[in-house]
Amino acid sequence: MSNLGENKHYEVAKKCVEDLALYLKPLSGGKGVASLNQSALSRPMQRKLVTLVNCQLVEEEGRVRAMRAARSLGERTVTELILQHQNPQQLSANLWAAVRARGCQFLGPAMQEEALKLVLLALEDGSALSRKVLVLFVVQRLEPRFPQASKTSIGHVVQLLYRASCFKVTKRDEDSSLMQLKEEFRSYEALRREHDAQIVHIAMEAGLRISPEQWSSLLYGDLAHKSHMQSIIDKLQSPESFAKSVQELTIVLQRTGDPANLNRLRPHLELLANIDPNPDAVSPTWEQLENAMVAVKTVVHGLVDFIQNYSRKGHETPQHHHHHH
């Protein structure tokens with residue numbers, strides 16, 4: 001390091017990372033295996049923190065990676081703060097309302113899976129059918145197991161796939177269009193992934209933040225599809241989504257009166273949102289590195305403080321939520 005100024009920035013940055021690394025230690029006082037995973041932070045936060053702690057700040061490449069890791073931690077912090085303020089029951093009601101508002105429908109894990117498999121059965125060989133014929137085909141085969149299947153509800157499932165651009169549509173004069181499954185969606189796995197991504201996309205448009213666990217249980221009725229859902233969420237994140245989330249958090253805080261004064265984190269979050277997430281980003285100056293590490297330390301501390309002192313999830317007693325409609 002050439003001069004004292006650089007050295008000072010480096011020392012502050014390094015100290016911030018060391019402070020954060022303490023969250024990776026198990027909570028003290030616990031005996032045995034049980035205490036091992038008892039960090040104040042969620043698994044995704046811990047994983048992102050490990051990435052940051054492993055960056056070599058002395059090396060240029062390590063500093064570029066540290067900036068990206070800090071951004072990623074900041075983004076996850078906002079998501080977790082928004083999740084902390086949401087009521088899970090209300091959340092699923094809002095999700096299905098948003099799906100219905102787009103003329104689509106989710107019929108529950110078992111029935112939706114069956115319906116999608118029947119759409120495949122009709123179209124996986126490359127057949128082209130009108131929407132009406134496709135819907136009828138699915139309804140007739142679903143009815144024995146799901147008597148509640150109707151042309152309307154199945155039409156809404158087909159609409160969801162249509163919105164997800166799964167069909168190649170051929171217009172005909174005088175006649176209804178023909179729908180063919182695009183080649184890349186002629187397997188259940190591929191079709192289902194695209195279908196799930198469309199529902200996640202609708203949720204994001206509606207400003208809903210839903211955890212991978214919750215997605216898994218909403219769409220599959222189990223928790224086994226958590227990483228499948230996480231990978232869909234990650235793919236749909238864009239560089240702009242971090243800044244948008246910060247605005248969303250601000251709105252949530254206005255609604256709650258912000259007893260924990262989380263609004264103080266906003267300038268730090270905005271600084272992190274402005275970091276270029278591209279791997280080939282320009283390397284930061286020592287001062288930028290220091291500012292980013294101070295920001296990420298501040299927001300992670302803020303999240304932990306909130307979870308420990310203000311969170312509904314921390315106190316299992318139901319709190320009085322005043323809903324202003």
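The secondary structure of the protein chain comes to 13 helices and 3 strands, where helices (H or I, at least four residues) and strands (E, at least two) are DSSP runs numbered from the N terminus. The model is a predicted one, in which local features need pLDDT of at least 70 and side-chain atom pairs count only at pLDDT 80 or more, while totals for chains, interfaces and linings use all residues. Residues are numbered from 1 along each chain as its sequence is written, and side-chain values use heavy atoms, with hydrogens and water left out.

Along its principal axes, the C-alpha trace of the protein chain spans about 80 × 50 × 45 Å. Of the 325 residues in the chain, 44% are buried; here buried means under 20% relative accessible area, exposed means over 50%, and partly exposed lies in between, with a 1.4 Å probe and protein chains only. Contacts (heavy atoms within 4.5 Å) can also be sorted by sequence separation. Among those between residues at least 6 apart in sequence, 69% join residues at least 24 apart.

Helix H3 (residues 60–84) has 25 residues and reaches 36 Å from its first C-alpha to its last, close to the 36 Å expected at 1.5 Å a residue; the expected span is 1.5 Å times one less than the number of residues. In H3, 20 of the 25 residues are buried, so this helix is largely enclosed by the rest of the structure.

H8 has a number of buried residues, among them Leu 191, Arg 192, His 195, Ile 199 and Val 200. The buried residues of H8 pack against helix H4 (88–101), H5, helix H7 (151–163), strand S3 (178–181), H9 and H10. Leaving aside neighbours within four places in sequence, Ala 190 is in contact with Glu 184 and Phe 185. The C-alpha atoms of Ala 190 and Glu 80 are 110 residues apart along the chain and are separated by 29 Å. Just after H8, Gly 207 takes a positive phi of about 75°.

Next come pairs of helices. Two packed helices are described by the angle between their axes and the distance between the axes. The axes are lines fitted to C-alpha atoms, for helices over the stretch in contact, and angles run from 0 to 180 degrees between N-to-C directions. The axes of H5 and H8 come within 10 Å and cross at roughly 125°. H5 and H8 are therefore oblique to each other, given that angles under 35 degrees count as roughly parallel, over 145 as roughly antiparallel, 65 to 115 as roughly perpendicular and the rest as oblique. The contact is made by Gln 112, Glu 113, Leu 116, Lys 117 and Leu 120 of H5 and Tyr 188, Leu 191, Arg 192 and His 195 of H8. These residues divide into 4 nonpolar, 2 polar and 3 charged; Ala, Val, Leu, Ile, Met, Phe, Trp, Tyr, Cys and Pro count as nonpolar, Asp, Glu, Lys and Arg as charged, and the others, Gly among them, as polar.

Helix H5 (residues 109–123) also packs with helix H6 (residues 131–142), at an angle of about 130° and with the axes 9 Å apart. That makes H5 oblique to H6. Residues of H5 including Met 111, Leu 118 and Leu 123 take part in this contact, and so do residues of H6 including Leu 134, Phe 137 and Arg 141. By class, the contact of H5 with H6 has 11 nonpolar, no polar and 2 charged residues.

Helix H9 (residues 212–220) and helix H10 (residues 226–236) pack at an angle of about 110°, their axes 8 Å apart. That makes H9 roughly perpendicular to H10. Trp 215 and Leu 219 are among the residues of H9 in this contact, and Met 229 and Ile 233 are among those of H10. The contact of H9 with H10 has 6 nonpolar, 3 polar and 2 charged residues.

Finally, two loop residues deserve a look. Ser 165, in the loop between H7 and strand S2 (167–170), has a positive phi of about 60° although it is not a glycine. Asn 261, in the loop between helix H11 (239–256) and helix H12 (266–273), has a positive phi of about 50° and is not a glycine either. Ser 165 is partly exposed at a relative accessible area of 39%, and Asn 261 is partly exposed at 40%.
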